Amino acid sequence: MISVDAYLTRILSAVTTVESSTVALADAHGRTLRAPVHAAVDLPVFDNSAMDGFAVRFVDVSHASPATPAVLRVIADLPAGTALTPVLGVGEAARIMTGAPVPVSADAIVPFEDTAGGLEDSLDVVRVLRPPRAAGAHIRRRGEDCAAGTVLVPAGVRLGPLQVAAIAAGNCDRVDVSRRPRVAVISTGSELVPPGSALSHGQIPESNALLLSALATETAAEVVLRGTVGDVDDDLRAALAEATARGADAVITSGGVSAGAFEVVKNTIAEMTFQKVAMQPGKPQGFAAGPPLLFGLPGNPVSAAVSFEAFVRPALLAMQGRADLHRRMLRLPAAQGWRVPQGRRQYLPVVLVDGGVAPATAGGSHLAGGLAGAEAYAVIPADVDTVSHGDLVDVMLVS
Ligand code: AMP
Ligand code: MG
């Protein structure tokens with residue numbers, strides 16, 4: 001048996017990075033950035049108002065009180081988007097809305113709430129009842145968030161919603177991202193029929209193709225083929241040829257890699273190396289460096305899901321130039337104890353509960369239904385013999 005880490009290292013050494021291209025920011029969600037994005041403008045772009053109210057000169061209002069309001073002449077009306085640049089003289093104010101540029105000579109904003117007439121107090125004269133706390137109050141300063149040229153998002157990072165929005169805010173509309181890796185998913189098993197079928201005796205609904213396609217899609221891969229073949233050598237060969245014809249960078253098969261009598265992947269794919277990996281579930285694994293990369297995952301649904309996390313996902317991310325290939329890990333207490341295998345790393349589907357994590361299933365690799373409740377995997381090192389209530393365990397978040 002080989003360790004999970006050693007096996008992953010072997011897989012990653014076979015990975016080559018896909019090419020990158022420049023795409024519209026609107027098409028970049030979920031993709032991996034290949035060149036850092038620098039802010040094209042200062043953020044904020046200009047000094048602007050944080051409140052709806054009046055732009056004033058602080059000295060004009062610093063002694064205002066409800067008994068002795070400061071009375072200012074309103075000389076301009078500044079909605080967001082205005083191009084006006086009024087200059088305030090002594091005793092003058094401009095009505096201003098959130099996000100509008102602050103007049104150069106103004107150094108504070110008085111919110112409507114601190115004036116006598118509120119919104120209606122314009123456009124002629126405003127009576128300020130309470131001074132802002134200091135000069136500069138309620139003004140968002142140009143560049144206080146980041147200066148033009150600052151790296152907003154470094155290369156190697158996934159462009160999630162927050163990153164895409166920051167790049168847009170920095171006035172950039174094109175980004176250099178990895179091409180989507182092309183992935184083919186082929187389930188094997190003569191017992192498998194499409195979900196929703198009338199099941200004859202011995203048949204079960206096929207579920208790994210949807211599982212593995214969805215997991216691949218979440219890495220920003222493009223699924224170019226999704227299919228199921230029986231345990232028939234020629235059918236698997238034909239599916240592999242189709243995957244190659246569609247330009248697959250990676251082919252993921254499920255089933256047919258263990259020690260039974262009809263192991264179609266094992267029997268058919270001569271270039272694959274088959275290996276027992278010290279993990280549970282997911283012990284039997286097949287792999288070929290390709291190209292395309294060939295992943296022969298075991299067929300039990302939990303095994304397939306865990307194998308994807310352990311090997312396929314890091315490989316698909318490495319292909320895209322991702323700096324961090326791993327899921328977010330937390331250390332959390334076990335809310336109850338559970339059984340662990342000897343000498344193999346355990347990946348146990350768990351739920352997050354008050355006080356830590358609890359098993360989502362009884363731990364069997366066939367428990368596809370219970371997997372629906374899982375939010376994470378507890379990852380227990382091969383040399384740990386027991387997990388007891390309260391033990392801190394490593395938890396890999398997957399949802
Ligand atoms: P195998 O790895 O082919 O020996 O399959 C192990 C177990 O997983 C068997 O009980 C199969 O019926 C089941 N299985 C294999 N492939 C799938 C699949 N694509 N969807 C659902 N169950 C599967
Ligand atoms: Mg099978």
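The following paragraphs lead through a predicted model, from its domains to its ligand and then to selected details of the chain.

The overall division of the chain comes first. The protein chain falls into four parts: domain 1 (4-16 + 179-319), domain 2 (20-44 + 144-178), domain 3 (48-140) and domain 4 (329-397). Domain 1 and domain 2 are each written as two segments of the sequence. Between the centres of domain 1 and domain 3, taken over C-alpha atoms, the distance is 65 Å.

The surroundings of the ligand may be examined next. Ligand 1 has 16 residues around it, and those that come nearest are Glu 191, Glu 206, Ser 207, Gly 256 and Gly 299. By class, the shell around ligand 1 consists of four nonpolar, ten polar and two charged residues. Strand S12 (182-188) contributes at least two residues to this shell, and so does strand S14 (204-205).

In the case of Ser 187, an N or O atom of the side chain is 3.4 Å from a nitrogen atom of the ligand. Gly 256 is placed with a backbone N or O atom 3.0 Å from an oxygen atom of ligand 1. Taken alone, ligand 1 exposes 480 Å², of which the protein buries 77%.

Attention now turns to the aromatic rings. Across the whole structure, a search finds three aromatic pairs. Tyr 7 belongs to helix H1 (residues 4-12) and Phe 311 to helix H7 (residues 301-319), and the pair links distant parts of the chain, 304 residues apart. Are these two residues buried or exposed? Tyr 7 has a relative accessible area of 2% and is therefore buried. Phe 311 is likewise buried, because its relative accessible area is 0%.

A further pair consists of Phe 54 and Phe 112. Their ring centres are 5.4 Å apart and their planes stand at 90°, so this pair is edge-to-face. Phe 54 is in strand S4 (residues 53-56), whereas Phe 112 is in the loop between strand S7 (108-111) and strand S8 (125-128); the pair therefore ties together parts that are 58 residues apart in sequence. Both Phe 54 and Phe 112 are buried.

Most residues other than glycine have a negative phi, and most peptide bonds are trans. Against this background, the peptide bond from Leu 43 to Pro 44 is cis, with omega near -10°. Pro 44 is located in the loop between strand S2 (37-38) and strand S3 (48-49). Another cis peptide bond joins Pro 291 to Pro 292, with omega about -5°. Here Pro 292 occupies the loop between strand S19 (284-288) and strand S20 (293-297).

Where are the residues with a positive phi described here, Asn 171 and Ala 220? Asn 171, which is not glycine, has a phi near 70°, and its place is the loop between helix H3 (161-169) and strand S11 (174-178). With a relative accessibility of 54%, Asn 171 counts as exposed. Ala 220 has a phi near 85°, again a positive value in a residue other than glycine. The loop between helix H4 (208-218) and strand S15 (222-229) contains Ala 220. Because its relative accessibility is 3%, Ala 220 counts as buried.

Two further residues complete the account. Arg 95 is part of strand S6 (residues 92-96). At 15% relative accessibility, Arg 95 counts as buried, because buried means under 20% relative accessible area. The side chain of Arg 95 makes a polar contact of 2.7 Å with the side chain of Asp 77. Thr 361 is situated in the loop between strand S24 (356-359) and strand S25 (376-380). Its relative accessibility is 11%, so Thr 361 counts as buried. Thr 361 and Gly 373 are twelve residues apart along the chain, and their C-alpha atoms are separated by 8.3 Å.

Methods
Residues numbered from 1 in each chain as written. Chains lettered and ligands numbered in written order. Predicted model: local features only at pLDDT ≥ 70, side-chain atom pairs only at ≥ 80, totals over all residues. Heavy atoms only, no water. Near = heavy atom within 4 Å. Polar contact = N/O pair within 3.5 Å; in protein donor to acceptor, adjacent residues only side chain to side chain. Areas by Shrake-Rupley, 256 points an atom, 1.4 Å probe, with all protein chains shown as cover. Helix = DSSP H or I, 4+ residues; strand = E, 2+ residues; numbered from the N terminus. Nonpolar A, V, L, I, M, F, W, Y, C, P; charged D, E, K, R; others polar. Phe/Tyr/Trp six-rings, centres within 6.5 Å; stacked < 30°, edge-to-face > 60°. Buried < 20%, exposed > 50% of the residue type's maximum accessible area, 1.4 Å probe, protein only. Domains from an automatic or database assignment.
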